[in-house]
Amino acid sequence: MRWISMLTALLVTVSFYLLMMERERVMALAGVDPASAAPDTTAGEDAPQAVSVVVIDSEARPVRGGVRLRGETAAARSVAVLAEIDGRVVSEPLRKGRSVAAGDTLCRIEPGTRPTALAQARAVLAEARARLPEARAAVTQARAQLNEAEINDRAAQRLSREGYASDTRVAGTASAVSTAQAAVASATAGLEAAETARRTAEAQVRNAEIETERLTITAPFAGVLDEDTAELGALLQPGSSCATVTALDPIRLVGAVPETEVDKIRTGAAATGKLVSGHEIKGQVSFVARISDPVTRTFRVEAEAPNADGAVRAGQSVDIRIAGPARDGHLVPQSALTLDDSGRLGLRWVDADSRARFAPVEVIRDTPDGIWVSGLPDSARVIVVGQEFVSDGTPVEVHRREPPQ
C-alpha cells in the first residue's frame with residue numbers, strides 16, 4: 001500500500017506544478033482563454049465605496065482656556081518667634097491650635113534685675129541733663145569775659161599809640177585776652193562733655209527699655225499656633241523658640257508648571273483650587289517664577305485665596321486650574337481624537353463633498369462633558385465614530401448624533 005501513497009504524492013506535486021508554472025499551457029489545452037478567466041480588478045477604481053461614520057454638528061463658541069496643575073496649599077506666613085534675652089518663662093503656655101491676634105502675649109520672661117538697671121539708667125540721664133544748663137552758662141560767661149578782655153586790649157593799644165598808656169598796661173590786657181580765650185575753650189569742652197554724658201545716658205536708658213520690652217514676647221501678626229508656647233519655668237536663651245505662628249488667611253495654592261505652559265499664566269489671573277475632599281476655593285495668581293527649578297525645569301506658581309474661617313489647612317493636596325484668555329473652540333468627545341500619519345493630534349471632519357478631512361487641533365480645556373479644542377472650522381461635522389477607518393479624501397456616509405452640551 002505504500003506505493004499508492006507515493007503515487008498520490010507524485011500526482012499532487014505534478015498538478016501543482018502544472019497549475020502554478022504552466023498555467024497558460026494547461027488553459028490553452030483545455031480551450032479556455034487565460035485573459036477571459038482573469039478577475040476584473042479595475043471595475044471599482046473609479047467608484048470607491050463610502051465608509052459609514054457618525055458625526056456631530058459643532059459650532060465654535062468662546063471658551064476660556066487655562067492651565068491645570070497639581071500642587072499643595074501653603075500658609076501665607078509662618079514664623080518661629082524666638083527669645084532675644086535669657087531668663088525663665090513666668091507665663092502659662094498657650095496650647096497649639098489657638099488663634100492669636102497681632103500683639104497678643106505669647107511668653108513672659110522673669111524680669112530679674114532689669115527694672116533696677118532701667119531705673120539707674122534713668123537717674124544717670126536726669127543727672128546728665130541737669131548739668132547741661134550749668135555747662136552752657138559757663139560757656140556764656142567765658143565768652144562775655146573774652147569779649148570784655150578784647151575791648152580792654154584794643155583800648156590799651158590805642159592809648160599806647162597816642163602815648164597815654166604804658167607798654168606794661170598793653171601787655172596786661174593782652175594777657176587777659178589769652179586767659180579769657182582759654183576759659184572759653186575750657187567751658188566749651190565742659191559743655192561737649194556734658195552733651196556726651198547726656199547722649200550716653202539716653203542710650204543706656206533706651207537699651208534698658210528694650211531689654212524690659214523683650215521680657216514680653218508677642219505675636220507679630222494674626223494667626224494660629226502650630227505648637228504649644230514655651231512651658232512655665234523653661235529657661236530661654238537668645239534664639240530659643242517661644243512659639244510658631246502661622247497665618248492661613250489668605251491661603252496659598254502652590255504648584256509647578258512646565259515651560260511649555262508657563263507663558264499662558266499671568267499675575268492676577270483667576271485661579272480655582274479643588275481639594276481632595278471636593279471643597280473648592282477661588283483666588284488669583286500672585287506669583288509666577290522667573291527662574292525655573294534646575295532639576296525639574298518647571299516654574300513655581302502661587303495663587304492666594306481667602307480663608308477667613310481657616311477651613312483650608314496648609315499642606316493639603318490641591319488641583320489648581322488657572323484661567324487663560326478666551327478663545328473660540330469646539331466641545332467634542334475625547335474619544336474622537338486621533339493621530340495622522342505624522343503623529344499629529346487632531347480630529348477628522350467631513351467637508352461639503354462628504355469626504356473625510358484631518359485637522360490638527362490644540363486642547364484648550366478638559367471638562368467632564370468632553371474637551372474643548374481649537375483648529376477646526378467655525379462650523380464642522382466632526383467624526384466621532386469611524387475616524388480610524390478613513391483618511392483624507394475618503395468618501396463617507398454620514399450618520400448624525402447629538403453633540404455634547
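The legends below describe close-up views of one predicted model. In this predicted model, local features require pLDDT of at least 70 and side-chain atom pairs count only at pLDDT 80 or more, whereas totals for chains, interfaces and linings use all residues. Residues are numbered from 1 along each chain as its sequence is written, and side-chain values use heavy atoms, with hydrogens and water left out.

**View 1. Confidence along the chain, with residues 37-44.** The chain has a mean pLDDT of 85, and 87% of its residues reach 70 or more; pLDDT is the predictor's confidence in each residue, from 0 to 100. Over residues 37-44 the pLDDT falls below 50, and this stretch has two contacts in the model beyond near neighbours in sequence. A contact means heavy atoms within 4.5 Å. Where pLDDT is low, the predicted coordinates should not be read in detail.

**View 2. Strand β13 and its pairing partners β2, β10 and β18.** Strands (E, at least two residues) and helices (H or I, at least four) are DSSP runs, numbered from the N terminus, and two strands pair if DSSP finds at least two bridges between them. Strand β13 (residues 317-332) pairs with β2 (residues 61-82) in the antiparallel sense over eleven bridges, and G329 of β13 is the bridge partner of R61. Antiparallel pairing with β10 (residues 270-275) runs over five bridges; here I322 of β13 stands opposite A271. With β18 (residues 370-374), β13 forms three antiparallel bridges, and V332 stands opposite I371.

**View 3. The nonpolar core around V301 and I322.** A nonpolar core is a set of buried Ala, Val, Leu, Ile, Met, Phe, Trp, Tyr and Cys residues joined through side-chain atoms within 4.5 Å. Buried means under 20% relative accessible area, exposed over 50%, and partly exposed in between (1.4 Å probe, protein chains only). The largest such core has 24 residues, and V257, I265, V285, V301 and I322 have the most contacts inside it. At least two core residues come from each of β2, β9, β10, β11 (280-288), β12 (298-305) and β13. Leaving aside neighbours within four places in sequence, V301 has contacts that include L253, V257, I265, F287 and I322. A second, separate core of 20 residues includes C107, I109, A230 and V245.

**View 4. The disulfide between C107 and C242.** A disulfide is counted as a pair of cysteine sulfur atoms within 2.5 Å, and the count by this rule is one. The sulfur atoms of C107 and C242 are 2.1 Å apart. C107 lies in β5 (residues 105-108) and C242 in β9 (residues 241-258), so the pair ties together parts that are 135 residues apart in sequence. The torsion about the S-S bond is about 100 degrees, so the disulfide is right-handed. C107 is buried at 0% relative accessibility, and C242 is buried at 2%.

**View 5. Backbone details at P250, R297 and S354.** A cis peptide bond, with omega of about 5 degrees, joins D249 and P250; P250 belongs to strand β9. R297 is not a glycine, yet has a positive phi of about 60 degrees. R297 sits in the loop between β11 and β12 and is partly exposed at 47% relative accessibility. S354, likewise not a glycine, has a positive phi of about 60 degrees. The loop between β15 (345-350) and β16 (356-360) holds S354, which is partly exposed at 27%.
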